[in-house]
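Trainee: I would like a close look at one part of this model. Please take me through a single charged side chain and its surroundings, then a helix and one further loop residue.

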Amino acid sequence: MPALTASLKAAERPDCCNFSCDVAVIGGGAAGLAAAIAAHEAGARVLVVEKMPMVGGNSLLACEAMLYAEDPKDVRSAKERSEIVSEREAFLKQVLARGKTGHEDLSRILIEGSPDAVKWLESLGCNLSERTEGFGLKHIWECRPSNQVPLGVEVMRHLLYRAEQHNIPVLTRMRAIELEPGAAGSSLFIHADSADGRSVLVEARDVVIATGGFAGSLEAVSRLCPKAPVLMTTNAASATGDGLRLANNLGAKFLDLDSVVMQPTTLPLSGEIIPMALRREGAILVNADGKRFVNELAEPEVISEAMLEQPGASAWLLIDRSSATARSLRDDLLSPVYFHSDDSILELSATIDADFSTLAATLDCCRRTRCLHDCAFERPLASASFTMKPFYSIKVRPAYHGTPGGIAVDAASRVESKKGGLIPRLYAAGEAAGGLWGRERFDNLGLSGAIVFGRIAGANAARSALSESTRAGVESAVRAG
């Protein structure tokens, strides 16, 4: 690549450290590393800029499952292929209905690309062998590690290992503060500041923004989502919306920035997520009176809003020893501040400070109607019977979990301009991008979306950068001749 093009702002920084590459990726989460690996494997020279001391971001915290749809090409039976195609369409309708404002073309790309994303991760060495049926559809699956390693840790360690195998430089503790177009639109400059006070200038032919959302910044949530309640967050400290600012400086279009997703069952003081598996195994939510008030398997936003209407904007999650997830949590959450164990309903009522007769009636209703309906609220077939002592209780409350809106992109992950058309050389993927989800993100599709569109962004950025590099080389040769 030619030497760095002159930058007026760089000239003001005589101590500036300069880097040059074909594709620069801002953000080192799952989307960012997937983009970097895809760009490298397409032949580009790649650099990753990450503001935190380590890669991972929110992706590292993923603890539930990764959702994917089966690939019709993987089955021989014409009947099964037809079933898969039909279920994909049904699932697509669910995703669009949930998000309300999502783009059908992006959601379709995600669903159709999800099996390849899982296969690709497994080719890197990821253990995703534990499979469970997702959302009552025979050909939609949730996968997770079978080796007791959290999903996000398993995925990120193998992405990082592949990046290291490719010798992709990752500049940590380096915060991108501005994007500046190069001369004649031939490149983009990333102006960044390092943690030790150095100024850094990266010139790249193409840039991928993969900085995540902004649910980790309560200031950003209150400013962009003024109607949102004040809550804790499940997000990493890196999720502050840096990519929105960078893209805005170049005139990017944004979608649904006033929407924030809530996770209903988190620990009150830390925001740590209590997994949905507990509710799927029959855990119930009761309020301060000891009464159920919501279907525990409803959409997260429905449960969260119902909880916020309860006294103290919180609830108690109750289950008995029949739950394998509860037994595992008992070992993980040793503090009695969070996790309680009682041998009788009387002790349980005292622990959660609820009326004994009311709580006893609630649990009796659950015992009598398990596998059917509990008053107005359905329960799953494999529900806890509340007959196996001890009884476990965890106090939970909703927390900010994600921001489905973001930078508008097309099917190739290219950033759209608010004036119409596309911003040259700029791509976005992962939670920094909007349009894929609409206003609500479908459960367990976040990591799938990061991998699918991270790879798309990286491959397309590399194709664009290498095409431009070849053209520049030809023009240089012509001038020299």
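Mentor: What follows starts at a loop glutamate, then turns to a helix and to an alanine. The model is predicted. Glutamate 64 sits in the loop that joins β2 (46-49) and β3 (66-69). Glutamate 64 is buried, yet it has no salt bridge. Arginine 144 is the nearest side chain of opposite charge, 5.4 Å away. The side chain of glutamate 64 does reach a backbone atom: the nitrogen of methionine 276, at 2.6 Å. Beyond four places in sequence, the contacts of glutamate 64 are Arg144, Leu151, Ile273, Pro275, Met276, Ala277 and Asn444.

Now the helix. α4 covers residues 104-123, 20 residues in total. From first C-alpha to last it reaches 29 Å, close to the expected 28 Å. There is a bend of about 45 degrees at glycine 113, and proline 115 follows within four residues. Both glycine 113 and proline 115 are buried. Other buried residues in α4 include Leu106, Leu110, Ala117 and Trp120. Just after α4, glycine 125 has a positive phi of about 115 degrees.

Last, the alanine. Alanine 283 lies in the loop between α8 (276-280) and β13 (284-286). Its relative accessible area is 2%, so alanine 283 is buried. Leaving out residues up to four places away, alanine 283 touches Leu278, Glu296, Leu317, Leu318 and Ile319. Serine 385 is 102 residues away along the chain, but the two C-alpha atoms of alanine 283 and serine 385 are separated by 9.6 Å.

Technical notes: Residues numbered from 1 in each chain as written. Predicted model: local features only at pLDDT ≥ 70, side-chain atom pairs only at ≥ 80, totals over all residues. Heavy atoms only, no water. Helix = DSSP H or I, 4+ residues; strand = E, 2+ residues; numbered from the N terminus. Buried < 20%, exposed > 50% of the residue type's maximum accessible area, 1.4 Å probe, protein only. Contact = heavy atoms within 4.5 Å. Expected span 1.5 Å × (residues − 1). Bend = angle between axes of the 7 residues up to and from the residue. Lys, Arg positive; Asp, Glu negative; His and termini not counted. Salt bridge = Lys/Arg side-chain N within 4 Å of Asp/Glu carboxyl O. Polar contact = N/O pair within 3.5 Å; in protein donor to acceptor, adjacent residues only side chain to side chain.
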